[in-house]
Structure formats: C-alpha cells, structure tokens
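Subject: Handing over the structure

Hello,

Here is the structure I promised to pass on to you. Have a look at it first, and then read on for what turned up in it.

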Amino acid sequence: MAYSKISILFNTVPTEGTFLNVFESSLGLNLNENFKDNRLGSGQVQLPVFIASTNPEESDDSWVGFISNFYRTSFNLDYNSTNLFDIVSIPGAPNSGIGEIIITAKYSGAVFILQSETIDATITINNEVVVPEIKILGANFTSAINNQCEYVNVNVSTDLLAKKVISPISVNPNADNPISFDWLRGQTINVIVEDANGKQASRSFVTPSILNTANFSFIINNSPNGATVVVQGTSTSGLVLQYSLNNINWQLSDTFSGLGVGNFTLYVKDQLGCSFIKPFYVDEFGIQNSYLYISKSNPIRYAKRITWGDSDNYKNDENTLSCEVDVDEVYKEVQQFQSADIINTQFKSNFTTNIAQIIKEDLTVINIPVEKKTSNIGIKDKRDARKYSLGNGKTGIYFISGNTYDYNNNVITGSYSLIGNLPEWGIIGNYIVINNAWFLIEEIVFDENKNADILIFSQNYYGPEINIIVGSIFNRFNYEVYEFSISMFDFVDKYFKVKLINSDPNFSTITHISEEIWCKVKHEDLIEIRYFNTTNTDVFYSTGIEFKLRIPLTSQKGILDEESEIHKTDTDAILLSADFYEGDQFIFEPVTKEIWRKIMIALSHEKVWLNGVGYVKNGSFSTEGPLENSNLYVLTANMIKTGSVYNSSGSGNIDFDGSQVEIPGLISTESGYVSY
C-alpha cells in the first residue's frame, strides 16, 4: 500500500493574516488557509489571536479551543466534502490553543507541495510512502524425491522472503525462497504465504498431469509400404514427452513410420522422471480406430467404467449404474430373471480380446464363453480381372467373369460373374495386390467402351490388355459381432453382476459392468417380455438372437381399439364394416431411468410377446417421473394383440322392402344424375 500525508505542527497560534500555502498536485487542489479573526464568506476560518480566555466578558474577542480542532473543521468544510482525505487533530497542552494536524490522502498518487513556509507551524510532507507487499512470482516443477509417477516437486518463488507458508503446507518460520515441497500430480494447489509485515499473497497452480498408460492410444495407418503409427495422448497437461520403440533412441515426435506387420513396444517418459511401456500390434487388416458398441436392446443393462473427475469425465447415462446417479433420492436397480431364462448379450467389437465374466457376491469370477458370429475383418479375396493401360502412369482393371482363388496358394476355389460390376472390396482407399506388388485404389470411373466400372491405380504399364489375378485383404465392416449367453439355472437364489472387458494392444481397455442381477425359480408380479426384429437394426438379428426381459408389473387391463363404418338413412342404420382389436394397457412398477428406456425399446420391436401373447405397440408411451427427485420412472404402454382381430363387413347386397332407400352415390346421364 502507498500513501501520502502532510503534518502541520503549530508552534504558536498564527497571527492574523498568516497563510499556509499547500498544494496537492495530482488533483490540482489548492489547500490554502488564511487565518482571520472572523470566518469569511469564502469559507476561511476565524481563529483566535491570543490564547483562549475563560472570561465571559472577553468572549467577543476570543475563541475557546485549539487551533488544530478549528483547522480540521475548516479543512473538512473547504476541501473534504468527497472524503478524499483522512484528517486527524492532535490538540496541544491544556490552555495552549495549539496542536498538530495530520492529513492523509486516501487515493494513490497524491503529491503534497509546500509553496511557502510560516514561522507559526512546522510542516512535514511525506509523499507516497510504500509499504512492501509480498508477491508470488511463479512456480516450476521438477522430479519428486520418491514415487515420481504420482508426485512432483513444486518450487514457488516470491519477490520477498515469505516468513510463513500457510497453504498448501504449513511452515513457520520459513527461511527458503523458493519454497519447495512435493505434491500430487494433476492437482490444483492454492499457495498462501505471509511476509514479515503480515501481508499475505495467494496464487493457484495446477501440477503436471499424471503420466498414465490408459490415457494413450494408437492410430495405425497400414499400407504395403509399412505402417504409420501415431501415438495419441490425453490428459498430458504440463508434460514434456519423449517416445521410443527400443528404449534407446528417443524422439519428441509422437509419430513412427515404415513399421512392418508385427508386435511393438512403445516407451514413453516425461521430464519429471516417470515412464511407462505400452505394447501394440501392426496387423495387415488396416484397423485404425477402436470400435465397441453394446446395443440398449440387450436385456442386461451395462454401464461403462471410468474414473469421474471434476473437470473431465462427466457422469452420464452411459457410464453410471443406477446407484451412482446424482439425484436427491437414489434407487438401486436389481434386474430380475428366473431359473428357466437363458439371457443373451450381443456386442460389436474390433478389440482382439473380448472377455465376459460373472462376478458373484463373494467376488468369485466365472468366465462366460464369448462366440464370434461374423467374419468381417481381414477378409481375403483373389479373382480374375482384366488390366489395361490408361496412359500417364495410370492403369485400370475391371471384372467380367472368371475364377476365384485361394488367397495364399492361388488354387482355384470357384468362379464368379460380375459383368462389369466391382467386388465388394472395390472401394477408393483400399489396396490391391498384383504379382506380390501392392497398389492403392485411387479412383473409380465408368468406361462406356468396356461397359464396366474401372479401378484406377498408379503403375507405368504400356502393354496390351491382359488377364491378371488380383487380390485384396479388406474389412467388410470395422468390427465383428460377438454373443454370449447366461443360463440363469446356474445362479438360482444368487445375486451377481456381469462384467465385459475389451482389450487390445492398440487401444485403451474398455470395461463395462451390469446392474445387479437376482435369479429365482419364480419372482412374483413380473411380466416376461420376449422380443426381436426380423431385420438387422442396431442388433445383428441375422444370428437368430432373441432377447428376454422380466419387469415388475403394477396392473394390466383391457383397452378398446375399434373402427367402424355405417350407413344412415331416415329410417335405418346399416353397418358396412367394423374392426375390433383386442388390446391391453400395461402399467409397470417404478424402475430406474435406463431400465425405463430399455422397456420402451423392447416393446418397440417388430416381434414382441408379453407372457407368451403376441403384441405390437399402439401409439405413444406414457411416462410419469422422475418421482419426487429420484431416479424412478413409471411407464404405461398400450399394446394391441397380434392375430386377434374381429372384422365385420356388409355383403354389398341390400334388401329392398318397397320403400325408398338412400345410398350415397350418383350416376351421370345425358339428362342429369340418377341415384342408385
């Protein structure tokens, strides 16, 4: 803090006409006082010319009091209406009539100037006296003494010596600058220090992130000339990283190129003494990005396991179990199944290892066989084609008909006929192999002369059109379909969870855990929902998979869904047609949000059976919730039975009884209209 002040010490009572000529230059204030016997209209103060007397007869010629008090009153009236100054009067000895005035500016930059002195007062000016305040200059981070992957050494520098460290550690007294201590990595710390004058300073710092192998993944772009691997790291704030494939040659770049097919080990280290290794595999199938999808159509509800943070990894519907949601009233979901149930789960994955486990109450782990249902990745194909020159270093191939071959030994395996169309791997960006040489498909055009789609690649070929054998290794989809089944008969009267672990040398491991499952021979008040689609949607139903849920039911009541058409006359009404559909309304017991969604998804399938009776969804669902700030919802569903329709239609013949019958319809004739 900086301030300016002026002290006026009266040596005697000023004589009439004495001036105090003082200026404050930053605001341009003229703080002059002219001592008079009487206060003038300009606001100048009337002051005594001799020491105060207590004789009432002399009261007209004198003032009782001290010059310092009168001066303070005058100064406040004349110059301090906006409270720019603090002014203090210190009276002198009794009956002296003098004293001292101290005026302190309350704003920064004030400068007092004495224009002329007076023998009646001693004036002292002290401009911008600065009281030093401690400041935290910054912090740097070095290796901790121990456990360098979890801790970092923090060095905090101050401009003045901090006599006391208040936070995040307590040191009193302190003699070090910089202040040094070890602290957890990836944390926000608030440093508070205090100097010898009791002044405090605070500043926040974020320590460098934890170097965690789980935060690193790979992008692998493969080609016949070798793979390019890009290391992708997240949560690396404050880290300077180096990379190596042999723990000898290190580089700052996160990219490695020209790698062949095989196993590799990535070494990563930071400037703080922490390091890790992570294996990865370059395959010939060109898998670049991880893929894992678990449809919510599956009867068992799964949540992804992550570590939630304050500024990242937020809680959401996909990574929280029912008991983990942030609501006032949290209810835990327990999915109920019966001993006769075989419950299926299907997921899509391009991870090399896919493990499903039963986690029992006592934490016993039972592995469940996982079956791969497709062959979408690394499909190999070889077949006859025709090759010709396009000039300018470009060559084209196209397909009419011919043989197919075993990819590895060129043995004929069958025949094909495409008549100008392309095989499924004929896509821009795929690679083809001709006589052990690999080429990138750069373009696809239609050649009217060949009446065929042409794959174009770079090759200097100038010969005639010839027959060749061309092959490709390709991915129909970037994932395989996997399934596993749980026979609930093996877990009667047991509580357990299902855990799914997907791992791969190239990707970060992903783990899912299910809601708690409870199996009994028979649960009361449950309704069985069996469902599937006849076509592939987000589930690959071509495997023949079907799903089953059991949900607590509050009530089931019949509802009416009917349509009719009648003909009305003046004397009669005739039913032309009537359709009556049997339906039921199902009100489910309160369930948590994701199970509420799962019920709606199940009931929206093409094929649905409720307790063995076929139904289809009829209109929109009705929902009540969330209930009282909880995670519970009540679902009401109107369903129509399949194959249970009553239809009544008129024959089209109307009996006439001699009376006129009015039936809508007119026939146009030359002379007008006649009714029929």
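Helices (H or I, at least four residues) and strands (E, at least two) are DSSP runs, numbered from the N terminus. Counted this way, the chain has two helices and 50 strands. Please keep in mind that this is a predicted model, in which local features need pLDDT of at least 70 and side-chain atom pairs count only at pLDDT 80 or more, while totals for chains, interfaces and linings use all residues. Residues are numbered from 1 along each chain as its sequence is written, and side-chain values use heavy atoms, with hydrogens and water left out.

**The chain as a whole**

The chain has 676 residues, and 39% of them are buried. Here buried means under 20% relative accessible area, exposed means over 50%, and partly exposed is in between (1.4 Å probe, protein chains only). The accessible surface comes to about 35800 Å², with 48% of it belonging to carbon and sulfur atoms; such areas come from the Shrake-Rupley method with a 1.4 Å probe, and for residues only the protein chains shown count as cover. Contact means heavy atoms within 4.5 Å. Of the contacts with a separation of 6 or more, 62% are between residues 24 or more positions apart.

**The disulfide**

A disulfide is a pair of cysteine sulfur atoms within 2.5 Å, and the chain has one by this rule. Cysteine 149 and cysteine 274 form it, with an S to S distance of 1.9 Å. The torsion about the S-S bond is about 100°, so the disulfide is right-handed. Cysteine 149 is partly exposed at 29% relative accessible area, whereas cysteine 274 is buried at 1%. As for two other cysteines, cysteine 323 is partly exposed at 40% and cysteine 519 is buried at 0%.

Helix α2 (residues 593-603) has 11 residues, and eight of them are buried, so the helix is largely enclosed by the rest of the structure. Among the buried ones are Trp596, Ile599 and Leu603.

Side chains of opposite charge can pair when their charged atoms come close. A salt bridge is a side-chain nitrogen of Lys or Arg within 4 Å of a carboxyl oxygen of Asp or Glu, and the count here is 24. One of them joins glutamate 594 to lysine 296 at 3.0 Å, N to O. Glutamate 594 belongs to helix α2 and lysine 296 to the loop between β21 (292-294) and β22 (302-304), so this pair ties together parts 298 residues apart in sequence. Glutamate 594 is buried at 9% relative accessibility, while lysine 296 is partly exposed at 29%.

Glutamate 594 also forms a salt bridge with arginine 597, with the closest N and O atoms 2.6 Å apart. These two are three residues apart in helix α2, which means that about one helical turn separates them. Arginine 597 is partly exposed at 28%. A network of salt bridges links Lys296, Asp317, Glu318, Lys593, Glu594 and Arg597.

Elsewhere, glutamate 528 forms a salt bridge with arginine 550, the closest N and O atoms being 3.2 Å apart. This pair links distant parts of the chain, with glutamate 528 in strand β41 (residues 526-532) and arginine 550 in strand β42, 22 residues apart. Glutamate 528 is buried at 15%, and arginine 550 is buried at 11%.

**Places on other strands**

Leucine 560 is in strand β42 (residues 547-568) and is exposed, at 59% relative accessibility.

Glycine 583 lies in strand β43 (residues 573-588) and is buried at 8%. Leaving aside neighbours within four places in sequence, glycine 583 is in contact with Lys557, Gly558, Ile559, Met639, Ile640 and Lys641.

Finally, serine 7 is found in strand β1 (residues 2-10) and is buried at 15%. Beyond neighbours within four places in sequence, the contacts of serine 7 include Glu100, Ile102 and Thr124.
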